[in-house]
Amino acid sequence: MSRAARWVRRYGALIRNAWLVDLQYRASITLWLLWGVTEPAVALGIWWTIAGDGPVAGYARADFARYFFALMLVNQLTIAWDSWYLDSWIREGELNFRLARPLHPAHEAVAENIAYKARTAGMILVVWLLVALAWPAVRLPLQPGRWALTALAVLLAAAMRFFISFTTGLLAFWTTRATAIMDLHAGVSLFLSGRIAPLALLPPAVAGAAAWLWFPYMLAFPVEVLTGAAHGAALGHGFAGQVVWLGVWIAGYRLAWSRGIKRYGAVGG
Amino acid sequence: MASGITAERLSKTFRVKVRDPGLGGALRALVRPRYRDVHAVREVTFRIEPGEIVGFLGPNGAGKTTTLKMLTGLLHPTGGRVEVAGFVPWTGGPAFKRRIALVLGNRQQLVWDLPPEETFQLNRAIYDVPEADYRERLAELVALLQLSEVLEKPVRQLSLGERMKCELAAALLHRPPILFLDEPTLGLDVTAQEAIRGFLAAYRERHGATVLLTSHYMQDVTALASRVLIINRGRLLYDGGLDALVARIARTKRIELVLGDGATAEALAAFGELKSFRFPNAVLEVPREEAAATSARLLAALPVADLSIEDLPIEDVIRRAFTHGVEEDDA
């Protein structure tokens, strides 16, 4: 069997197991999905009301609708829960058997991400298509170029959010507060990544600070590529930012892994 | 490729944060953290030959699991050298990991919500086991461990004993030449313990695997291993045969008696240390070399219905080794 075929079989087995486990937890999966939809829906409701008197920073009601529907999808395609998994693997000794296998634990995490994203984003896409049938405001033009660029931006954002989450989870090698750090990161990203409002609506000082960090490239940029708000030089700038920050977080991950694994106390006896 | 295990002056020191009790202690630890070095394993040296099965004994916190985790590459040692199957464990990578199995009695790799066969399939993919080999090995493991009834039940519905059997099956599908088993019978009832022991003996017989086994249950060790390593407070106290350990530590023998009418505890106490007396049964402990002569005197002096001379139970021997050290009775 070729090397590539072996990896396809490994990932196939990991993704299959993740889906089989999901089937055991249908209710909680539905609740997570609702949570993923509710936050952008609430934000959209607020901005819809505010934009009733006319566009806000260039965003009319229909722009907000498209932005938050795109956000809903992009968020589900890029979200990563790995810090919570890793924290529990490290603290409760579940990393032990994973380290004894001839497969880096990150592969299991990547497969979990693929399984989760395929399932949840698939459902959101169906919901979006149904809503778009009745509500023209959330329709997006079928431009293959734009969808291709969106796919690339989403892939880079998903990779970056994965490495952010995985690396933060690795902090559990040093501290029992790794998930608290991730919660803090999620709190900051609520504003700086565009989850609560398009970045154009942030106060200039905050938007200026965000531009120097990775947050806009996690979510706002791929959303703007999808809605068509990012074009020309902004596209080049956005992709460059994604590549740079992805590189930084991969370097951070490599450092945290190599240092942390040497420090690992291997809990459990 | 060799499947032996070598450890030379292997050491592991953990740096742990110390904290006084109460809120004040917590605050002080926050402002000025204090650390203490815990020497979990100190300069441990041993060699296990390919195909050997060795019991690794020690009380809680003695350093057994830490040693096992260094041998499997989970922990990086603070000092010393290790070679397992020709590899340095923490740099051996996937090639090394394919040659070992690690079974931890208190941690499981089975996916909790799915039937065990799903974990087996996952391991087949992870270890690149060809389909034909997988079928053949699974059939063998299912027969040896009597798993046919449980393969399709979710793991969460299995008994502890059934789960451990499935853990062993999952760990052995890639047929590793070296097995590290940490408390594989922990918490199991007597029947399940015996089933696991029977399986391990049969598996090792068939495949000639090298096995290092830690256990709290002496029966595991006496049933499977002829050689033991005893560790306490991080130091290796003994490395050798079980028989030799008994001869070295147990300088006494037990005389078990069934008495006739008229024998009293006071009369028995004159012959040795009376360990128990519940008429008509009594147990005396006497120096090893005097056991035969004392027995003859007992038979002559007291109404004895039955008499047998026994070695100390192995549990007592090991307990003495843990608490007093292996050299104690030689002194």
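**View 1. Strands β1 and β4 of chain B, joined by bridges in a predicted model**. Strand β1 (residues 5–18) of chain B is joined to β4(B) by 5 bridges, and the two run antiparallel; strands here are DSSP runs of E with at least two residues, helices are runs of H or I with at least four residues, and both are numbered from the N terminus. Within this pairing, B:Glu8 has B:Arg81 as its bridge partner in β4(B). Two strands count as paired if DSSP finds at least two bridges between them.

**View 2. The open sheet of chain B**. Its 3 strands follow the order β2-β1-β4 and pair in antiparallel fashion. Because β2 (34–48) and β4 (79–84) of chain B stand at the edges, each with a single partner strand, one side of each has no neighbour in the sheet.

**View 3. A:Leu155 in helix α7 of chain A**. This helix spans residues 144–170, and A:Leu155 is exposed there, with a relative accessible area of 59% (buried means under 20%, exposed over 50%, and partly exposed in between, with a 1.4 Å probe and protein chains only). Although A:Leu155 and A:Leu77 are 78 residues apart in sequence, their C-alpha atoms are 8.4 Å apart in space.

**View 4. B:Leu23 in helix α1 of chain B**. Helix α1 covers residues 22–31 and includes B:Leu23, which counts as exposed because its relative accessibility is 69%.

Residues are numbered from 1 along each chain as its sequence is written, and chains are lettered from A in the order in which they are written. In this predicted model, local features need pLDDT of at least 70, and side-chain values use heavy atoms, leaving out hydrogens and water.

Methods. This is a predicted model: local features need pLDDT of at least 70, side-chain atom pairs count only at pLDDT 80 or more; totals for chains, interfaces and linings use all residues.
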